[in-house]
Amino acid sequence: MLRMLGSRLLSSIPVLIMISIVAFTLLRLSPGDPALLSVGLEAPPEALARARAEMRLDEPIWVQYWAWVTDVARGDFGVSYSDRSPVLDVMAERMPVTAQLAVGALVLIVVLGIPLGVLSALRPNRLTDQVIRVGSLAGISVPNFVVALLLVLTFGWWFPGILPYQGFVRFSEDPLQSLANTVLPALALAAPQIGLVARLTRSSMLEVLGQDYISAARAMGVSERVVIWKDTLRNALLPVVTVLGVQTGFLLGGSVVVETVFGIPGLGRLLVESFTIRDYPVTIGVMMFVAAAFVFINILVDLLYGLINPRIRAGYSAGRE
């Protein structure tokens, strides 16, 4: 397991380097001049040139990138162009909000998606199965920003006062109000993924239920509860865990639209705001955080494989994985 963890961590380094190169290049090639936005449209040429020099925008792009990488290697992600605060401080203020939103959405995906998939697999081609399959397909087909707008319309216009649909209260200030503020945006983030997990769980469960060892366990008198929850579900969870790992990364990226719709001051909204004003250090800082989180989550998924499936754990120990 330790050998596998080390190899995954080493292989993630070139991935993050390539992502940083692409993100840095595209950001610098995007229209707009941060120096001009900083000093104003009517600023004299001397002030504009001085601002561009302070932001290193007068240097070639590869020189800018190397200077940025050197600073990041020392733990310095730069200073925000807008308020002159360190980028890490700006991100640290917004990070708990996005983390709470992503965790809430992931809990909804697991709590609703997996049981619905199991229930659908245990009643194939019946009314329950048909309803779950249609609902899952509808959830997958509707983008999360459409779900967010529908939730805002429902709880802001048709049924006001039931759940808050705008703003956010930090958990440290008022835990109950913070959780109430999390319900609707977390549901908007989770809705498409719940349908995907339910359908994947159903198909994986049906495949495992058709295996010979399941029939043998039933023939030997093993209780149906043990067969379903211990033998079948445990083996059916491998593809589900893979999807959950990928979905967790997408939850961080998908929060961009959802946080904007619900007015939540998280990393997603910070990314939109910083890109709008061409605050390059903050923008690329958020982008690299999401990329690093995505890579780290996939490494955790590989570790979970070994915990769920003993054969994979044995392969890790033997050095075959």
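This is a predicted model: local features need pLDDT of at least 70, side-chain atom pairs count only at pLDDT 80 or more; totals for chains, interfaces and linings use all residues.
## The overall fold

Welcome to a protein chain built from helices: there are 13 of them, and 0 strands. Reading along the sequence gives the pattern α-α-α-α-α-α-α-α-α-α-α-α-α. Along its principal axes, the C-alpha trace spans about 85 × 60 × 35 Å.

## Helix 6 against helix 8

The crossing of helix 6 past helix 8 is left-handed.

To find this contact in the structure, look on the helix 6 side for Asp-129, Arg-133, Ser-136, Leu-137, Gly-139 and Ile-140. They meet Ala-191, Pro-192, Gly-195, Leu-196, Ala-198, Arg-199 and Arg-202 of helix 8. Sorted by class, the residues of this contact are 6 nonpolar, 3 polar and 4 charged.

## Helix 5 and its partners

Helix 6 also packs with helix 5, at an angle of about 140 degrees and with 8 Å between the axes. The two are therefore oblique to each other, and helix 5 passes helix 6 in a left-handed crossing. Here Leu-116, Leu-119 and Ser-120 from helix 5 meet Thr-128, Asp-129, Ile-132 and Arg-133 from helix 6. This contact holds 3 nonpolar, 2 polar and 2 charged residues.

Another partner of helix 5 is helix 11, residues 267-276. Their axes come within 8 Å and cross at roughly 135 degrees, and the pair is therefore oblique. On the helix 5 side the contact is made by Val-90, Met-91, Arg-94, Met-95 and Thr-98, which meet Leu-267, Gly-268, Arg-269, Leu-270 and Glu-273 in helix 11. By class, this contact has 5 nonpolar, 2 polar and 3 charged residues.

## The largest pocket

Now for the empty spaces. Rolling a probe the size of a water molecule over the atoms shows where such space is left. The largest pocket holds about 370 Å³. Its lining has 18 residues, and those closest to the centre are Met-55, Arg-56, Gly-78, Tyr-81 and Pro-281.

Which helices each supply at least two residues of this lining? They are helix 1 (2-29), helix 4 (61-73) and helix 12 (280-308). Helix 4 gives the most, with 4 residues. The lining as a whole divides into 10 nonpolar, 2 polar and 6 charged residues.

## The second largest pocket

The second largest pocket has a volume of about 270 Å³. It is lined by 15 residues, and nearest its centre you will find Trp-68, Val-72, Phe-77, Met-288 and Phe-289. Two or more lining residues come from each of helix 1, helix 4, helix 5 (87-122) and helix 12.

Helix 4 again deserves attention, as it gives the most to this lining, with 5 residues. How many residues of the lining are nonpolar, polar and charged? There are 13 nonpolar and 2 polar residues, and no charged ones. In the largest pocket, by contrast, 6 of the lining residues are charged.

How values were computed
Residues are numbered from 1 along each chain as its sequence is written. Side-chain values use heavy atoms; hydrogens and water are left out. A crossing is left-handed if the near helix is turned anticlockwise from the far one by less than a right angle, and right-handed if clockwise. Contact means heavy atoms within 4.5 Å. Ala, Val, Leu, Ile, Met, Phe, Trp, Tyr, Cys and Pro count as nonpolar, Asp, Glu, Lys and Arg as charged, and the others, Gly among them, as polar. On a 1 Å grid over the protein atoms alone, a cavity is a set of points where a 1.4 Å probe fits but cannot get out, and a pocket is an open set with protein on both sides within 12 Å along at least five of seven lines; lining residues have an atom within 4 Å of a point. Grid points are joined across faces, edges and corners, and a volume is the space filled by probe spheres set on the points. Axes are lines fitted to C-alpha atoms, for helices over the stretch in contact, and angles run from 0 to 180 degrees between N-to-C directions. Angles under 35 degrees count as roughly parallel, over 145 as roughly antiparallel, 65 to 115 as roughly perpendicular and the rest as oblique.
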